Amino acid sequence: MLAKINETASFLTAKMQYLPKVGIILGTGLGELATQITDRQEIPYESIPNFPVSTVEGHSGKLIVGMLGSIQVLAMQGRFHYYEGYSMKEVTFPVRVMKALGVETLLVSNAAGGMNPSFQIGDLMIITDHINTFPEHPLRGKNEPSLGTRFPDMSKAYPVELRNKAKQIAQDNGIKVVEGVYVGTSGPTFETPAEYNYFRVIGGDAVGMSTVPEVIVAVHAGIQVFAMSIITDLGVPGQVVEVSHEEVQQIANLAQPKMTLIMKELIAQL
């Protein structure tokens, strides 16, 4: 693992015009934030040693390095999912590489199904905490001390300081945001009504198929995290309807400008 991380980081260091302190993982339908990056350099995943290649429609698969406002950033346009068949170490490998490149703050976005009855489709949810239901843990196996401690504390995985800054940005710009607990599940099926109910009972406000593995590895590596979901469908009793990946992308696209504004302004304040 260390050899692969170092090989990939060395390759990217030689290629990249910047060594950013801010990393961004852009999820389903949320890749338009990348269009805000100027003085950009694009590196396709398939050209990067040891990088998996995204197989999901809507995930284009490239690293984008450049400026977001006055801040140097490294953005993943296209992430890797456990349901694609990757191991958790493969899913989270890019976060390890970000750390090796000097990234100190990671911003993550995703599309999620809402279980909180106060939520509406199209809401932006700032993630306050998560519940991990993935069958494989990304830190399972021998721990490498140089990457992080054996038993990382997860009590402050989503620092309140970053969340408060995002809420203030939303308020200043008249954008509605909600807060909640994100449940990470393996997918690729969308949830049954009973599963939505279960995830609500155990404390979840929204559920999705990503984010949790990357956040765990980021915290293990000492990277601070801010994460936000777009609520693209509802799993509230009486409001559960059939949903498709295409519909999720459409709803996410509609909310994209608001997400982009919050993320961009938050990065400017880091």
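Helix 2 (88–101) and helix 5 each give at least two residues to the lining of the second largest pocket. Helices (H or I, at least four residues) and strands (E, at least two) are DSSP runs, numbered from the N terminus. The model is predicted: local features need pLDDT of at least 70, side-chain atom pairs count only at pLDDT 80 or more, and totals for chains, interfaces and linings use all residues. Residues are numbered from 1 along each chain as its sequence is written, and side-chain values use heavy atoms, with hydrogens and water left out.

**Exercise 1.** Describe the lining of the second largest pocket.

*Solution.* 
- Step 1. Lining residues have an atom within 4 Å of a pocket point; a pocket is an open set on a 1 Å grid over the protein atoms alone, where a 1.4 Å probe fits, with protein on both sides within 12 Å along at least five of seven lines.
- Step 2. There are 14 lining residues, and Lys 89, Arg 96, Lys 142, Glu 144 and Leu 147 are the closest to the centre.
- Step 3. Helix 2 supplies the largest share, three residues.

**Exercise 2.** Locate Asp 39 and Thr 211, and say whether each is buried, partly exposed or exposed.

*Solution.* 
- Step 1. Asp 39 sits in strand 2 (residues 38–44). Its phi is positive, about 45°, although it is not a glycine.
- Step 2. Asp 39 has a relative accessible area of 44%, so it is partly exposed (buried is under 20%, exposed over 50%, partly exposed in between; 1.4 Å probe, protein chains only).
- Step 3. Thr 211 lies in the loop between strand 8 (206–208) and helix 5 (212–220). Thr 211 is buried, because its relative accessibility is 0%.
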